[in-house]
Amino acid sequence: MVQHHLFSSTPRTLLSIFVSLTCVCQSPHTMAAEPVSSATSQSGRDVWPRIESDSKPWTYWYWMGGAVDEAGITSHLEQYHKAGLGGVHVIPVYGVQGVEERYVPFLSPRWMELLSHCVDEANRLDMGVDITTGTGWPFGGPWVEPQHVAARFTLQDFSPPVGVPIGESIRPQAKGFADCSLVVLMAYGPEGDALELTDEVDSNGTLKWTAPDAGWKLTALFQTPTGLPVERAAPGGEGPTLDHFSKPAIQQYLRHFDQAFQESGDVRVRSMYNDSYENWGANWTPHLFDEFQRRRGYDLRRHLHQLSISDTSDVARLVRSDYRETIADLIHDDFTTTWVDWAHQRGMKIRNEAHGSPGNPLDLYALADMPETEVFGTGWLDVLGLEPVEGVPKGVGGPPDVLACKLASSAAHVAGRQRCSSETCTWLGDHFKIPLGHMKAQADQMFLMGVNHIFFHGAAYSPADVEWPGWLWYASTNIGPYMPAWRDMPALCNYIARCQAWLQSGQPDNDLLVYLPIYDVWVTDKGERDLLQYTGVHHAHHWIDELMPGFSAAARQLVNRGYTFDCISDRQIGTLTVTDGKLTSAGTQYRAILIPSCKVMPDRTAHHLLRLVDEGATVILGDSPASAVPGLGDRERRQASLLEAMREIRTLHKAPASRAEPLPSGRVIMGTTLESMVDQAGGRRESMVDMGLQFIRRKDAAGSFYFILNRSGNRLETWVPVTAVGEHIVLFDPATAKVGRATTRLHNGKLEFFVQMNLLSSLIVRVTDEPSTYADWEYVREVGSRPLEGPWKIEFLEGGPTLPEDVTRSELIDWTQWKDNSGTLQSFSGVARYTTSFEVRDPAAERWMLDLGDVYHSATVRLNGKLVSQLIIAPYQADITSAVRAGSNLLEIEVANLPANRVAELDRRRVDWKKFLFVDILYQPFDASGWKPIPSGLVGPVTLHAQRKVAPSDLLPANE
């Protein structure tokens, strides 16, 4: 091996020649090899929150066909534990062809034995276990009784002749209702009379009734099962979906679980889980008329004809709004609350993906111990500033929506839930083409949206005797040992664990509450589906931007301008109190509540706002506050009540003498720009967003702390202002576990700290009044650099389908571009070790940084036999100061590529490995045979950089 002589005869004056800047002590992707359970300062104090199993990322874990066994469960859990995962979420799904004899029916005694073993082994490894309350999604199965099956309705109008017995068969004309039952038949007269004729229909469906005069219309409502089966159901879990609007239905459904768990000795998992709604077509429940009467105060049967969207009258729109509100109430009160209470009574928690339903997502999320959002598709890579891997289409999954995902954390914050989880990395790329760096970037985005409990989506149990790549889930990133980069998974998991240990501590520190005007969604028919409005996190533009434009505009402006807020529902507003002028929820306190422009608001919500102002709170009113109540029942009284409350609220408005003069508590702010109103209410704008830093802020007894992420598009070396009050700032690097006292200054009355941050790097920023005894954060300046030009010895350590022969090369290029007549390199997925040496005769620099240049796609760096770092995202830079020595230095870089090239070779040979449902990102049959080779290996250039420590004053011009 050729020795590289670096700076061997360079005079020390060289240190003042080079001026390019690099920060190694916080290099974002130099991942510490082991998690930090608690680091200590010079005074012996803990500085990192303790890493618990909940702090670590968890994963969805698909049991395909229930074809698992004790040895396999133990092996998988041990591998997951070693990789840095904190727990698994068991989801039973469909099986694999050809191994039907291995299937274990869901909730059978044998299945419960396997779950019990899983829980025991997870406990041994200090891991946790969650399970879905069912198989696949949504809730349902063979034990759902006919009267509890999800149902839909249709309306059919008839025009009877005058004075002649009808004798007509009452049947629906709508498709899909051949097997249906008549629920009610109503007759509506020209003077507004309403008669129920259901009893006049005989067993053959024939109506015998005579219209007394002209102008009568008949409307019949028919119901039928939706016919929707449980999606991706496991053996023993196949069957119809459950009525999600019925308390008796969910109670009967859960009794099946009680029996299985009691017979198994009461196995206890940490949490039960409900996947996103997806109970398409369901819009009816047998007790709807009774519930509607009780909740809305009038008989829906008298207005049955006005449920149809063909009736565009104002009264009909109000009836349909009442119908949608009633459905939302039933999902909340009868279905979700019953399920939550059932779990809590049995010592289990709840994770709930409340989005996608026709309910109010804030209220449904708030019922859960861990509200859970989800992200889907490659569109998120655009938000993250990343490109999909070659061959993966952009924009799959629709435009990402931060506001939609923020609803889960808002509910968690307002309700006082310490955890907000997320289904993360679903279809972040096509199969086999998702680097760890993309997963890291998506985790960062989840943190910014208030998530602090990451669930990877996901992993599949795969028996040891199954050939590579094993059993896989069709809609997943599919983490597991089949990945060449599995050896670098601890770097990702440890990074997430350090971040989440912080983000699960303390309380949210958001200044504002922003009202979510859900009635603006329910009052309109625009975009309805089965008469309902669905509040999904994917393609959320319709219900958020189109139906709530005032909310959308205000909330997006607040995000972009660096103001902090949580969203709040009508129901939650009713629970608020006021303490020392601050709005107080079960979770934290807020400085003001913003009511954005909206059309509709219940009068009770307006009176709650008035009460809050009377108690000392600050309310900000948008340009066009609500002027109408929703619904039809008792409308005249409620409308007058709303207008009275809004008039009284407006009378409490008092403009300050100047924008700089804050309003006292217990006032209403209105009539100026959004930003000036928020400033008057005490909202704190974090101007770091102007320089491309994104953040989330929390607080605890010691002060405030931030998670900040550099999304500026460039490396930053600058002063960063914060609004949090304190005298000292300590920086924590979750990538390296390094800690130090930041250099700070007061500038224009604000505390600022100096950073050197690479693109997509992050920091935890602690602001406190407590004097710090930690070492100073190290800022550095580059004083020299030199490329390591080779030759490189390259050994292929593991992978397939065939290990290429070891070679020595003088230049670094993508190994799929090497001359290779056999094609081995183009189809190889695995790990290669690149070895060279360099010499340092006079290590004059104080710090040394190694830049690997281009890497495809993760790397483990060792210097002189010492593990230095694991690198998973560009820039691939490692602080090697602790391992550099005078004289010869041996450098080893192990690079793992993606599995794509190997699976493409399998498909070109038409190997029958897909013995299960498996589609590509466009939901077409998966076929990689036409894929081009994905760049692989160490491409460089690899450069060694000498650095010295400096003060920030040495880095910027004097006027900065």
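The points below concern a predicted model and take up pockets, sheets, a salt bridge and some backbone details.

1. Largest pocket. The volume of the largest pocket is about 750 Å³. Its lining comprises 32 residues, and those closest to the centre are Ser-276, Glu-278, Trp-280, Glu-374 and His-538. Two or more lining residues come from each of β13 (370-376), β14 (421-426) and α12 (541-546). By class, the lining of the largest pocket has 13 nonpolar, 12 polar and 7 charged residues.

2. Second largest pocket. This pocket holds about 550 Å³ of space. Of the 23 residues that line the second largest pocket, Val-402, Leu-448, Val-559, Asn-560 and Gln-694 lie nearest its centre. The elements that supply at least two lining residues each are α8 (402-415), α9 (436-448), α13 (549-561) and β25 (693-700). Among the contributors, β25 gives the most, with 4 residues. The lining of the second largest pocket divides into 12 nonpolar, 8 polar and 3 charged residues.

3. Six-stranded sheet. The strand β25 also belongs to an open sheet of 6 strands, in the order β16-β25-β26-β32-β28-β29, with antiparallel pairing. Which strands stand at the edges? They are β16 (507-508) and β29 (738-741); each has a single partner strand, so one side of each lacks a neighbour in the sheet. At the β29 end, 4 bridges join that strand to β28 (residues 728-733), and the two run antiparallel. Within this pairing, Val-730 is opposite Arg-741 of β29.

4. Helix α10 (residues 489-503) lies across β25, β26 (703-710), β28 and β32 (762-768). The helix runs at about 145 degrees to β26.

5. Three-stranded sheet. A further open sheet has 3 strands in the order β27-β31-β30, again with antiparallel pairing. Its edge strands are β27 (716-722) and β30 (744-747); each has a single partner, so one side of each is left without a neighbour in the sheet. On average, and with direction ignored, neighbouring strands here are turned by 35 degrees against each other. The antiparallel pair of β27 and β31 (residues 750-757) is joined by 7 bridges. Glu-717 faces Gln-756 in β31.

6. Salt bridges. There are 63 salt bridges in the structure. One of these pairs Glu-894 with Arg-487, where the closest N and O atoms are 2.3 Å apart. Glu-894 is in strand β42 (residues 887-896), whereas Arg-487 is in the loop between β15 (453-460) and α10, so the pair ties together parts that are 407 residues apart in sequence.

7. Cis peptide bonds. Gly-790 and Pro-791 are joined by a cis peptide bond with omega about 5 degrees. Pro-791 sits in the loop between β33 (779-787) and β34 (792-800). The bond from Gly-800 to Pro-801 is also cis, with omega near 10 degrees. Pro-801 is in the loop between β34 and β35 (807-809).

8. Leu-531 is not a glycine, yet its phi is positive, at about 75 degrees. Leu-531 lies in the loop between α11 (518-522) and α12.

Methods: Residues are numbered from 1 along each chain as its sequence is written. This is a predicted model: local features need pLDDT of at least 70, side-chain atom pairs count only at pLDDT 80 or more; totals for chains, interfaces and linings use all residues. Side-chain values use heavy atoms; hydrogens and water are left out. On a 1 Å grid over the protein atoms alone, a cavity is a set of points where a 1.4 Å probe fits but cannot get out, and a pocket is an open set with protein on both sides within 12 Å along at least five of seven lines; lining residues have an atom within 4 Å of a point. Grid points are joined across faces, edges and corners, and a volume is the space filled by probe spheres set on the points. Ala, Val, Leu, Ile, Met, Phe, Trp, Tyr, Cys and Pro count as nonpolar, Asp, Glu, Lys and Arg as charged, and the others, Gly among them, as polar. Two strands pair if DSSP finds at least two bridges between them. Axes are lines fitted to C-alpha atoms, for helices over the stretch in contact, and angles run from 0 to 180 degrees between N-to-C directions. Contact means heavy atoms within 4.5 Å. A salt bridge is a side-chain nitrogen of Lys or Arg within 4 Å of a carboxyl oxygen of Asp or Glu.
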